[in-house]
Amino acid sequence: MRKPNMREAILAAAEELFSTNGFNAVSVRDIAQAAGANPGSVTYHFKTKDGLLLEIYQRHCVPMNLRRSELLEAAKRVRDLKDRLEAIVRAYVLPAFSSGSDLAGGGARFTRLRAIMSAEGNDVTRRIIAQTFDDTSHAFIDAIHESLPHVPRTEIVWRSHFLLGALYYTLVTPERVSRLSRGEADGADAGEAIEQLVQSTVASLQAPPLERPAPARRRSAAGAPANAGPA
């Protein structure tokens, strides 16, 4: 039977399949079959499989990025640098947990899809991820750097990258926390997860910059003997 809202049925089927099998392994025919549609309906509504994935990202991430930007602007007005840093990190983390639905705040299914898309790393997903997240990510990295001017921006990029991995894992596998804590912690407790993520990320961001060895001095061609070997 034809479903009343075929476009929504196709989106839901594609998101479920992408979050389970990845982008490369799923065909337009697979999506159509799962949605109770014909392949022509998929191309009618979304043109290509790439366009379908972009629509999934946009419907989740536009409201999430908007909320992050609102919270970031408020966080940047905090005077104390330490408190501001915590507010900035919280502004990034909170919207991912703000709703259990699949339309706002991401939801576990979309978070799983994002993790799989990042792992696949094909050109389509890389382009969509960059298009969807890079502007917001740069805004957060710059705000963190303003709060921690002594930490090189490159190191903040690394540490923010680790936060993203922790966020994925926390949303997708909360039961692991419950299991490894032997039931003393509830991995599904969103409030506790947010606080743990925020505090651990703030601590890692505040860590001293890595000490790197100074570059070896190069002898000038004129000053070094022609047959000089290693000292």
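This is a predicted model: local features need pLDDT of at least 70, side-chain atom pairs count only at pLDDT 80 or more; totals for chains, interfaces and linings use all residues.

A: The largest pocket holds about 510 Å³ of space. Its lining is made up of 21 residues, and those closest to the pocket centre are Tyr-92, Ser-137, Ser-160, His-161 and Leu-164. Helix 7 supplies the largest share, with ten residues. Sorted by class, the lining has 13 nonpolar residues, five polar ones and three charged ones.

Now for the packing, starting with two of the lining helices. Helix 5 and helix 8 have axes 11 Å apart and meet at an angle of about 25°. Angles under 35 degrees count as roughly parallel, so that is how helix 5 and helix 8 run relative to each other. The crossing of helix 5 past helix 8 is right-handed. On the helix 5 side, the contact uses Tyr-92, Val-93, Ala-96 and Phe-97, while helix 8 brings Leu-163, Leu-164, Leu-167, Thr-170 and Leu-171. By class, the contact of helix 5 with helix 8 has eight nonpolar residues, one polar and no charged.

Next, helix 7, the one with the largest share of the lining. Helix 7 packs with helix 4 (residues 49–75) at an angle of about 5°, and their axes are 9 Å apart. Helix 4 and helix 7 are therefore roughly parallel too. From helix 4, the contact residues include Leu-53, Leu-54, Tyr-57, Cys-61, Met-64 and Arg-68; from helix 7, they include Ile-128, Ile-129, Phe-133, Thr-136, Ala-139 and Phe-140. The residues of this contact between helix 4 and helix 7 split into 13 nonpolar, six polar and three charged.

Back to helix 8, which also packs with helix 10 (residues 190–206), at an angle of about 160° and with axes 10 Å apart. An angle over 145 counts as roughly antiparallel, so helix 8 and helix 10 are roughly antiparallel to each other. Helix 8 passes helix 10 in a crossing that is right-handed. Helix 8 puts in Ile-156, Arg-159, Leu-163, Ala-166, Leu-167 and Thr-170, and helix 10 answers with Ala-193, Leu-197, Thr-201, Ser-204, Leu-205 and Gln-206. Class by class, the contact of helix 8 with helix 10 comes to seven nonpolar, four polar and one charged.

Definitions and conventions: Residues are numbered from 1 along each chain as its sequence is written. Side-chain values use heavy atoms; hydrogens and water are left out. On a 1 Å grid over the protein atoms alone, a cavity is a set of points where a 1.4 Å probe fits but cannot get out, and a pocket is an open set with protein on both sides within 12 Å along at least five of seven lines; lining residues have an atom within 4 Å of a point. Grid points are joined across faces, edges and corners, and a volume is the space filled by probe spheres set on the points. Helices (H or I, at least four residues) and strands (E, at least two) are DSSP runs, numbered from the N terminus. Ala, Val, Leu, Ile, Met, Phe, Trp, Tyr, Cys and Pro count as nonpolar, Asp, Glu, Lys and Arg as charged, and the others, Gly among them, as polar. Axes are lines fitted to C-alpha atoms, for helices over the stretch in contact, and angles run from 0 to 180 degrees between N-to-C directions. Angles under 35 degrees count as roughly parallel, over 145 as roughly antiparallel, 65 to 115 as roughly perpendicular and the rest as oblique. A crossing is left-handed if the near helix is turned anticlockwise from the far one by less than a right angle, and right-handed if clockwise. Contact means heavy atoms within 4.5 Å.
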